[in-house]
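Here is a short briefing on one protein–ligand model.

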Amino acid sequence: MRILAIESSCDETAVAVLTGEGEMLTLESSLVRSQIDIHAVYGGVVPEVAAREHLEMLFPMIHRSVGHDGAGIDAIAVTSGPGLAPALRVGVEAAKALAVFWNKPLVPVCHLEGHIYAAWLSKSKVESRKSKVDPEFPALALIVSGGHSELVYMTGHGKFERLGETLDDAAGEAFDKVAKMLGLGYPGGPKVAALSEGGDPKAFAFPRAMLKDGSFNFSFSGLKTSVLYTLRKEEARINDEKFRKDIAASFQEAVVDVLVQKTRLAVEKTGGVKSIILAGGVAANLALRDRLTELGGELSIPIFLPPFEYSLDNAAMIAAAGYFRAKAGDFADPLTLSVDPNMDIV
Ligand code: KG4
Ligand code: ZN
């Protein structure tokens, strides 16, 4: 089955083509056009600007990927939520139009489910992966993106149970806000991570919230506020590079500590987890990748880290999730499908 996938939930316009056969996926192409430069001027993503850019970019990218008539495509997968409504609408309306006029089934995909399915993508763009190196079920997925932080228990393709989530800021959002406090600009995650290199992660004892409550929920707003107060208190040192590095490293360490410890707790409490999947934009964070890899080694459970190029938003992951959805016959009516900006994985 050959899938055309479209992703436009935030500030990346993305189109991918993937072929699936049984459990084997072959990614044929993956185009991503980032709008980071455009939104950086505003210090964050402006939904209407994102939508306008998606509109301009999407059809040329689709044309480049599959030509003008959709020949050889069996289904069209599209991110229908969560995300920015005006941005999502561009991808969804394009997918609906193509599904109607090319007479193809339409597969709506949850963006978060897509992030999880990056674990099914191989490292190189054109390479096959056999099922035996794919995650096995039951799997535990830690989703950490700009809008979401969740621990999800997965018993099969498309079968999810949410164990816990953030009660306030998402992990990526906390990175972005701390970046702003440090005057690092948007998007903040990679900038804070880069600044943390060479910093002392123990320099500041920032809070690790909810570690002892036995739940799988997170909270990052207290941590963010604590960073803010420290910066205010030490205002005179704000331009001192060592101080800045120590703040970034200590903040990152606090986030990673919480994420890794909650993941450990979830593995212990659920029992029998066969794979741990890291998903979402914050999966690009090296400290988090290292610490989860350590945890996997300690627990003797394989850890699936998305290849870097599929950690951030892309359509290859939507195609992978869309393939398994299409296999299960999870189609939508191309005349009535609407976006769901608040969609969740369960
Ligand atoms: O998944 P994603 O591309 O978009 C959403 O679905 O939200 O995630 C973007 C988030 C942003 O908050 C960004 O700052 C964060 O991922 N991020 C990182 C890193 N790279 C991206 N956070 C920490 N370290 C990184 N290296
Ligand atoms: Zn995302």
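Helices and strands here are DSSP runs, numbered from the N terminus; a helix needs at least four residues and a strand at least two. By that count, P138 falls in the loop between β6 (128-129) and β7 (139-144). The model is a predicted one.

**Where ligand 1 sits**
- Domain 1 (2-122 + 310-327) and domain 2 (126-305) both contribute residues to the shell, so ligand 1 lies between them.

**The shell around ligand 1**
- The ligand is surrounded by 17 residues.
- The closest are H115, G146, D176, G189 and N285.
- Helix α5 supplies the largest share of the shell, with three residues.
- By class, the shell holds five nonpolar, 10 polar and two charged residues.

**Backbone contacts to ligand oxygens**
- G189 places a polar backbone atom 2.9 Å from an oxygen atom of ligand 1.
- For G281, the distance from a polar backbone atom to a ligand oxygen is 3.0 Å.
- G172 has a backbone N or O atom 3.1 Å from an oxygen atom of ligand 1.
- These pairs count as polar contacts because the cut-off for two N or O atoms is 3.5 Å.

**Cover of ligand 1**
- How much of the accessible area of ligand 1 does the protein cover? On its own the ligand has 560 Å², and the protein covers 87% of that.

**Cis peptide bonds**
- The bond from G81 to P82 is cis, with omega near -10°.
- P82 belongs to the loop between β4 (75-81) and α3 (85-102).
- The bond from F137 to P138 is also cis, and its omega is near 0°.
- P138 is the loop residue placed above, between β6 and β7.

**Positive phi**
- Which residue has a positive phi although it is not a glycine? N103 does, at about 60°.
- N103 is located in the loop between α3 and β5 (106-110).

Methods:
Residues are numbered from 1 along each chain as its sequence is written. Chains are lettered from A and ligands numbered from 1 in the order in which they are written. This is a predicted model: local features need pLDDT of at least 70, side-chain atom pairs count only at pLDDT 80 or more; totals for chains, interfaces and linings use all residues. Side-chain values use heavy atoms; hydrogens and water are left out. A residue is near a molecule or strand if one of its heavy atoms lies within 4 Å of it. A polar contact is a pair of N or O atoms within 3.5 Å; within protein, one must be able to donate a hydrogen and the other to accept it, and residues adjacent in sequence count only if both atoms are side-chain atoms. Accessible areas come from the Shrake-Rupley method with a 1.4 Å probe; for residues, only the protein chains shown count as cover. Ala, Val, Leu, Ile, Met, Phe, Trp, Tyr, Cys and Pro count as nonpolar, Asp, Glu, Lys and Arg as charged, and the others, Gly among them, as polar. Domain bounds come from an automatic or database domain assignment.
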